[in-house]
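Let's take a walk through this model together, starting with its helices and ending at a pocket. Keep the viewer open as you read.

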Amino acid sequence: LGQSLATPLSLERVSETSLARALRLAESDPEELARAVGAESPSARTILAGKDMAGAGKTLALSGITPSLHFSLSYGWQDNDTPELDGDRTWSATALVSMPVFDLGSNFAGWRKAAAEQRRAEYESADAREMLRLGTWVSILEVERARQDLAFRESAERQARETFEEMESRYEAGQVAEFDLVDVQVGLTAARAQAVASRYEYYGALAALESLAGDALLMEETK
């Protein structure tokens, strides 16, 4: 942010646009979203870039053991001192084959190493993309779990508030002792704290899902 670490920052409410997009991600088909994440997410692009880099390394190593063929063609004419030789035209063609004889052994070993690195990158890429697919499922299920937990905690908070209001009216009527009212008030405070924690977990799960997906959903919608 270009600010000092000591700069006090104020909390901002989650924008409706970001929240709507996160909710749309959570409501999308898990398998379709997993496919989009595995193809277009920032993590998937990083994985594919590593795989392409390994392929480029193999191609570069192959150039060290491949013979090269070079052609050269020249054509010209010149004026001479005698009329018989005026307009004499000359031409030449050259073909040159270059073979890395002295470095062939080391270059071949380098190519084999690059080929092994490419195979390893392909295996790692497939494994990483599968982990992305599973991670997408886990993120969607975590959002649903957090949503259900939030609904339960909010319901518990409402019930605790109703109980406290009922006990408060009975206390004012002299039907219950002060200790009973304090116990109910402590229960209400605990229910509120649990509801706040559940709300934090729910929005955190939405943010984690959005971070994992990146712009995958937007690209799918554009297509």
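Helices here are DSSP runs of H or I with at least four residues, strands are runs of E with at least two, and both are numbered from the N terminus. The expected span of a helix is 1.5 Å times one less than its number of residues. Before going on, bear in mind that this is a predicted model, where local features need pLDDT of at least 70, side-chain atom pairs count only at pLDDT 80 or more, and totals for chains, interfaces and linings use all residues. Residues are numbered from 1 along each chain as its sequence is written, and side-chain values use heavy atoms, with hydrogens and water left out.

Now find α4, which covers residues 104-172. Its 69 residues take it 97 Å from first C-alpha to last, close to the expected 102 Å. After α4 comes Gly174, with a positive phi near 80°.

Zooming out, the chain has 6 helices and 2 strands, and from the N terminus the order reads α-α-α-β-β-α-α-α. Of the contacts with a separation of 6 or more, 75% join residues 24 or more positions apart (a contact means heavy atoms within 4.5 Å). Of the 223 residues, 24% are buried; buried means under 20% relative accessible area, exposed over 50%, and partly exposed in between, using a 1.4 Å probe and protein chains only.

Helix α1 (residues 16-27) has 12 residues and spans 16 Å, close to the 16 Å expected. Which residues of α1 are buried? They are Leu19, Arg21, Ala22, Leu25 and Ala26. Seen down the axis of α1, these buried residues fall within an arc of 165°, so they line one face of the helix; the arc is taken from the directions from the helix axis to the C-beta atoms. On the other side of α1, Glu16, Thr17 and Glu27 are exposed.

Some of these names come back at the largest pocket, whose lining includes Glu16 and Leu19, along with Leu11, Glu12, Arg13, Val14, Arg199 and Tyr203. The elements giving two or more residues to that lining are α1 and α5 (178-213). A pocket, on a 1 Å grid over the protein atoms alone, is an open set of points where a 1.4 Å probe fits, with protein on both sides within 12 Å along at least five of seven lines; lining residues have an atom within 4 Å of a point.

Stay on α5 to find Ala207. Ala207 is partly exposed, at 42% relative accessible area, and its C-alpha is 9.7 Å from that of Ser139, 68 residues away along the chain.
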